Amino acid sequence: MATIRVALAEDHVLLREGISRLVSSDDAFELVGTASDLPGLLALISQQNPDVVITDIRMPPSGTNEGIQAAAALRESHPEIGVVVISQYVSPHYALKLFEHGSAGRAYLLKERVGHRIQLLEAIREVAAGGSVVDPKVVDVLVEARMRAKNSLLSRLSTREREVLAGVATGASNAAIAESLFLTKRAVEKNINSLFAKLDLTDDKSTSRRVQAALLFIAAPLVVQHQVPAEARPTTTHGQVVPAAQRAEAAPAP
């Protein structure tokens with residue numbers, strides 16, 4: 001087999017050095033370069049055109065999801081390049097984002113596996129061949145979230161009803177929800193009445209159905225909310241729902 005050319009992106013010096021040594025210790029691999037941030041990784045890929053990229057999930061400049069961004073960009077620009085994302089987070093959200101456009105050539109490993117030389121090198125081989133690898137702990141979390149979603153009342157809702165409920169959870173009025181989803185107010189009212197019925201919500205003097213529905217949505221498992229556009233999901237501050245308009249006013253100027 002041809003040597004697998006590997007590029008590495010990791011902002012922590014010690015971990016970057018450790019992974020570099022692991023990759024270089026096997027003659028089946030060639031480390032073509034390292035980077036410490038997303039721009040550096042993209043430049044390295046452009047210069048070296050590696051077979052596989054190993055990238056931390058969080059790096060400068062923002063320290064949020066640069067590894068996921070790199071994997072998504074490569075899916076478009078270099079679909080033949082495999083990506084091994086390494087993370088210290090057992091997060092179904094990150095895994096779902098990594099695999100949402102297909103699992104071929106993608107791996108999600110926890111950093112605790114990186115010390116196991118065979119597991120890391122096997123993951124590199126697998127994505128280079130177009131396969132996929134998911135850390136067993138992440139699989140366990142995904143299965144658990146899926147089971148919670150299956151048992152959730154929100155699983156009864158249609159996609160449109162979940163979108164409308166997301167608006168309700170942000171504190172938006174029916175008119176605002178209608179505008180954001182390009183619906184009539186009548187259609188929004190119809191969806192709200194339908195989702196109230198499906199969620200077994202009844203109006204009483206102590207708590208309105210809108211509040212009950214919003215609380216159910218905020219507490220919903222990730223897999224259910226993953227089906228709703230990110231911009232429609234509620235943001236909370238100290239447990240309180242922040243309406244969309246208020247979030248927009250509080251957002252920093254570009």
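Strands β3 (residues 52–56) and β4 (residues 82–87) run parallel to each other and are joined by five bridges; two strands count as paired if DSSP finds at least two bridges between them. Across that pairing, V53 sits opposite V83 of β4. This is a predicted model, in which local features need pLDDT of at least 70 and side-chain atom pairs count only at pLDDT 80 or more, while totals for chains, interfaces and linings use all residues. Residues are numbered from 1 along each chain as its sequence is written, and side-chain values use heavy atoms, with hydrogens and water left out.

**The sheet**
- Six strands make up an open, parallel sheet, in the order β2-β1-β3-β4-β5-β6.
- β2 (29–35) and β6 (132–134) are the edge strands, each with a single partner, so one side of each has no neighbour in the sheet.
- From one strand to the next, the twist averages 20°.

**Helices across the sheet**
- Helix α1 (residues 13–24) lies across β1 (4–9), β2, β3 and β4, and runs at about 160° to β2.
- Helix α4 (residues 92–99) lies across β4, β5 (106–110) and β6, at about 165° to β5.
- For these angles, axes are lines fitted to C-alpha atoms (for helices, over the stretch in contact), and the values run from 0 to 180 degrees between N-to-C directions.

**Two residues to look at**
- I86 belongs to strand β4 and is buried, with a relative accessible area of 0%; buried means under 20%, exposed over 50% and partly exposed in between, using a 1.4 Å probe and protein chains only.
- Setting aside neighbours within four places in sequence, I86 is in contact with E10, I19, I54, T55, D56, I57, L109, K111 and V114, where contact means heavy atoms within 4.5 Å.
- N174 is part of helix α9 (residues 174–181) and counts as buried at 18% relative accessibility.
- Beyond its neighbours within four places in sequence, N174 is in contact with V188, E189, I192 and R210.

**The whole protein**
- There are 13 helices and eight strands, taken as DSSP runs numbered from the N terminus (helices: H or I, at least four residues; strands: E, at least two).
- Buried residues make up 41% of the 254 residues.
- Of the contacts with a separation of 6 or more, 64% are between residues 24 or more positions apart.
- The protein exposes about 13,400 Å², with carbon and sulfur atoms supplying 53% of it; areas come from the Shrake-Rupley method with a 1.4 Å probe.
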